[in-house]
Amino acid sequence: MATRCPRPSLRWTRGPFPARAGLVAGIHAGGSGPHTRIGTHLSSALPLAFLIRMKTLLFGVWALLALILCPGVPEELFEVSVWPNQALVEFGQSLVVNCSTTCPDPGPSGIETFLKKTQVGKGPQWKEFLLEDVTENSILQCFFSCAGIQKDTSLGITVYQPPKQVILELQPPWVAVDEPFTVKCHVPSVAPLESLTLALLQGNQELHRKNFMSLAVASQRAEVIISVRAQKENDRCNFSCHAELDLSLQGGRLFQGSSPIKIVRIFEFSQSPHIWVSSLLEVGMAETVSCEVARVFPAKEVMFHMFLEDQELSSFLSWEGDTAWANATIRAMEAGDQELSCLASLGPMEQKTRKLVHSYSFPPPILELKESYPLAGTNINVTCSGNVLTSPSPTLRLQGAPDLPAPGEPAWLLLTAREEDDGRNFSCEASLEVQGQRLMKTTVIQLHVLYKPRLEESSCPGKQTWLEGMEHTLACVPKGNPAPALVCTWNGVVFDLEVPQKATQNHTGTYCCTATNQLGSVSKDIAVIVQGLDEGISSTLFVIITVALGVGVITIALYLSYRPCKVDRRKLLYRQKEEDKEEESQFAVQEEKSATHIIDSYLIE
């Protein structure tokens, strides 16, 4: 510890010399130091100038010795302090600084800083300043002078910026399976960087954490970047970034910030779409077309756009597993080659497939009857011809025609309509070769032959037997075209043919039935006989007995024909068994002979 040195004092006294001789200067050291007095007498022989020089020299030497021997004297007498002793200011905000001293009568004082300052208060031993718009770290100097000595102290000002904006980027936002993608987090405005920590999260799981405490601030940015390899299970995963600015060591608090959640999309789209459609399209006919993509993920999000030339088709989307497809209906309006295209897209990926289809015009052939409803016995002409829109002309064939016509020529058939031709179908077949494929079209037409009503015995028997007590209807179905109407009368009263009648003896008699259509009418008498119940039963029993006798005769005949075969089969089996036994005995005798021969050979040896 330095020796406390008393402050030197300077005292001037008037000596016993005349006034013109000057002043007598004395220098006294206060405290316990020696006391020296130097005087000048008028009677001295020394010149006056020399005495003045000596006084000045002695005073300078004394002051120099005091400064050399006691250098800490001014600093020990007063102190300078600043408040706050630690300054932490948010970027762009203001700070109040108080600078004070213990000097009882301070001299010049203030603060030195490049910041904008304004004095807002002062006292005998303090001054207060307002620092505005603090935007960077700095060191402030607070100084006071006391008795000609200046002393100062410094204050470090630290500027901070909370992580108000945290930005997360996923590059690219759509990633192919097994490909890497980048997760980047950065904070554009934050300070001090060495107090910052960034953490990358996938859901609630922390992927990576980075702090900047040991890094050179000047060469670093507030960011963290990692690379992740894409897997299918990562699809639609949430990623976020969390920032912490811990200012507890600087006397502050913990600031936190988080980025908005970002979602990564994972996809697989390695195969081109495939178009399923017939290579030939008929003009005006609807055809289904399908566009399919296999090994795609996620299949349900694949979008399809199908076009026939420049016309977009309305499609219906479907998916199953890792396959997606779209079906649409196309309708070509003109013949010729046309391009069918399918555009499949998933996220940022698009793949397009094209297929050339050929449109042709091939309407069915034309089949004509000279008269669609001819009368029986009328000659009719059947003609088969190709449609004028078919190009080139097709080859025609008419069913029943004796010869095949020349290409481009119609086929025809001339015939006489008969009653049995009613309902007959005629077919006209046209064939056309398109793009190496043979195409067929057929037109069918039905012939309707008109003829008068007929009551034939097969469908309308003239004698009918009813069983008394049983329900019966009159059996009569007329023939004719158009279909004739049938009316039957009994004893002058119309008989209801639709409602079954319970047969009685009163129903016995003759019924008159008349069939009528546009071409004429025909009548027939039908005799109905009602048998009694006993007669009916006897007849029924006779029929049953007759049938039973017939079945019995057939059964006996079959048995007699089958029995000899069975006896012969038994004899054959017995004979086979006897032959097998004989073969076994012969084989045993041969084995005995062989064994005897071997034993004899052994004994001889």
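Me: In which loop does Pro192 lie?
Reply: This is a predicted model, in which local features need pLDDT of at least 70 and side-chain atom pairs count only at pLDDT 80 or more, while totals for chains, interfaces and linings use all residues. Residues are numbered from 1 along each chain as its sequence is written, and side-chain values use heavy atoms, with hydrogens and water left out. Strands here are DSSP runs (E, at least two residues), numbered from the N terminus. On that basis, Pro192 lies in the loop between strand 14 (180–186) and strand 15 (196–202).

Me: Is the peptide bond from Ala191 to Pro192 cis or trans, and what is omega?
Reply: The residue in question, Pro192, belongs to the loop that joins strand 14 and strand 15. The bond from Ala191 to Pro192 is cis, and omega is near -5°.

Me: Where is Pro298 found, and what is omega for the peptide bond from Phe297 to Pro298?
Reply: Pro298 sits in the loop between strand 24 (296–297) and strand 25 (303–308).

Me: Is Ala147 buried or exposed?
Reply: Ala147 is in the loop between strand 10 (138–146) and strand 11 (149–160). Its phi is near 55°, a positive value in a residue other than glycine. Buried means under 20% relative accessible area, exposed over 50% and partly exposed in between (1.4 Å probe, protein chains only). With a relative accessible area of 58%, Ala147 is exposed.

Me: What is the relative accessible area of Asn491?
Reply: Asn491 is placed in the loop between strand 41 (485–490) and strand 42 (493–494). Phi of Asn491 is positive, near 60°, and the residue is not glycine. Asn491 counts as exposed, because its relative accessible area is 64%.

Me: Which residue in strand 34 is the bridge partner of Thr383?
Reply: Strand 32 (residues 379–385) pairs with strand 34 in the antiparallel sense, over six bridges. Within strand 34, the partner of Thr383 is Trp412.

Me: How far apart are the closest N and O atoms of Glu301 and Arg265?
Reply: A salt bridge is a side-chain nitrogen of Lys or Arg within 4 Å of a carboxyl oxygen of Asp or Glu. Glu301, in the loop between strand 24 and strand 25, and Arg265, in strand 20 (residues 262–269), are 36 residues apart. Glu301 is partly exposed at 22% relative accessible area, whereas Arg265 counts as buried at 10%. The two form a salt bridge with their closest N and O atoms 2.8 Å apart.

Me: Which residues are linked with Arg265 and Glu301 in a network of salt bridges?
Reply: The structure holds 19 salt bridges. One of them joins Glu301 to Arg265. In the network, Arg265 and Glu301 are linked with Asp235 and Arg236.

Me: What is the N to O distance in the salt bridge of Glu339 and Arg354?
Reply: Glu339 lies in strand 29 (residues 336–346) and Arg354 in strand 30 (residues 349–360), so the pair ties together parts 15 residues apart in sequence. Glu339 is partly exposed, at 32%, and Arg354 is exposed, at 52%. Their side chains meet with an N to O distance of 3.7 Å.

Methods: Helices (H or I, at least four residues) and strands (E, at least two) are DSSP runs, numbered from the N terminus. Two strands pair if DSSP finds at least two bridges between them.
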